Amino acid sequence: MENQLGLLRIRIIRGINLAIRDLRSSDPYVVVRMGKQKLKTRVVKKNVNPEWNEDLTLCVAQPILPIQLQVYDKDTFSRDDKMGDAEIDIIPFIDAVRMTRYKNIPNGVIISRIMPNRQNCYSEESCIVYENGKVVQNAFLRLRNVERGEIQLQLQWIHIPGSKNL
């Protein structure tokens with residue numbers, strides 16, 4: 001753990017208007033990758049607006065690695081179908097964590113704002129906020145390489161006692 005900067009909790013909240021990959025619907029799940037780490041949500045059957053509300057936790061050793069999300073449709077007798085992907089640059093989030101370390105910051109303060117543009121997957125403005133002693137970012141990500149769909153998620157930083165300081 002001495003090489004770790006901390007933990008990044010990713011709450012995959014829901015999918016919005018995801019692509020149809022079966023006859024009338026899809027059975028979506030999300031795969032989250034960062035470096036060699038790979039986590040995934042459960043499959044939600046027959047739903048293009050699934051609600052996962054699942055927490056996935058990644059160890060952060062190198063904050064330069066992006067988080068990659070891939071959405072798939074679970075199939076029984078064939079390979080799972082791709083339903084789009086997105087990527088999050090976590091450097092602005094890590095910078096916000098560094099800014100709040102050892103400072104007395106009031107609850108609810110917006111530390112940083114990220115605007116959607118052609119270089120990122122944000123579908124609307126995303127704020128990094130100091131909430132209840134934690135750095136939190138809520139985001140809506142537009143899926144790429146697919147006809148439609150978004151993923152709503154939340155990032156939260158978890159300090160590890162004894163880890164390298166940011």
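Q: Where is Asn 17?
A: Asn 17 is in the loop between β1 and β2. Strands (E, at least two residues) and helices (H or I, at least four) are DSSP runs, numbered from the N terminus.

Q: Before we go on, what am I looking at?
A: This is a predicted model: local features need pLDDT of at least 70, side-chain atom pairs count only at pLDDT 80 or more, and totals for chains, interfaces and linings use all residues. Residues are numbered from 1 along each chain as its sequence is written, and side-chain values use heavy atoms, with hydrogens and water left out.

Q: Back to Asn 17. What about its phi?
A: The phi of Asn 17 is positive, about 50 degrees, although Asn 17 is not a glycine.

Q: And how accessible is Asn 17?
A: Asn 17 has 40% relative accessibility, so it counts as partly exposed. Buried means under 20% relative accessible area, exposed means over 50%, and partly exposed is in between (1.4 Å probe, protein chains only).

Q: Which strand holds Asn 53, and what is its phi?
A: Asn 53 is in strand β4, residues 51-60. Its phi is near 45 degrees, a positive value in a residue other than glycine. At 43% relative accessibility, Asn 53 counts as partly exposed.

Q: What box do the C-alpha atoms fill?
A: The box is roughly 55 × 30 × 25 Å, taken along the principal axes.

Q: How does the radius of gyration fit a compact globule?
A: It agrees, because a compact globule of 166 residues would be near 15 Å and the protein has 17 Å. The radius is taken over C-alpha atoms, and the globule rule is 2.2 Å times the number of residues to the power 0.38.

Q: How much of the protein is buried?
A: Of the 166 residues, 46% count as buried.

Q: Now the helix. Which residues of α1 are buried?
A: In α1, residues 91-100, the buried residues are Phe 93, Ile 94, Ala 96, Val 97 and Thr 100.

Q: Where do they fall, seen down the axis?
A: They fall within an arc of 155 degrees, so they line one face of the helix. The arc is that of the directions from the helix axis to the C-beta atoms.

Q: What covers them?
A: The cover includes β1 (6-16), β7 (109-114), β8 (126-131), β9 (134-142) and β10 (150-158).

Q: Where is Ile 90?
A: Ile 90 is in the loop between β6 (81-88) and α1. Its relative accessible area is 1%, so Ile 90 is buried.

Q: What does Ile 90 touch?
A: Not counting residues up to four places away in sequence, Ile 90 touches Leu 8, Met 34, Val 60, Pro 63, Leu 65 and Ile 67. Contact means heavy atoms within 4.5 Å.

Q: Is Ser 26 buried or exposed?
A: Ser 26 is buried, at 0% relative accessibility. Ser 26 lies in the loop between β1 and β2. Leaving aside neighbours within four places in sequence, its contacts include Ala 19, Val 44, Asp 73 and Met 83.

Q: How far apart are Ser 26 and Met 83?
A: They are 57 residues apart along the chain, and their C-alpha atoms are separated by 9.1 Å.

Q: New topic. How many aromatic pairs does a search of the whole structure find?
A: The search finds one. The rings of Tyr 29 and Tyr 72 have centres 5.6 Å apart and planes at 25 degrees, so the pair is stacked. Rings of Phe, Tyr and Trp (its six-membered ring) pair if their centres lie within 6.5 Å; planes under 30 degrees apart count as stacked, over 60 as edge-to-face and the rest as tilted.

Q: Where do the two Tyr residues sit in the chain?
A: Tyr 29 is in strand β2 (residues 28-34) and Tyr 72 is in strand β5 (residues 67-73), 43 residues apart. Tyr 29 is buried, at 7% relative accessible area, and Tyr 72 is buried too, at 15%.

Q: What sits over the ring of Tyr 29?
A: The charged end of Lys 40 does, 5.1 Å from the ring centre. A charge sits over a ring if NZ of Lys or CZ of Arg is within 6 Å of the ring centre and within 35 degrees of the ring normal.
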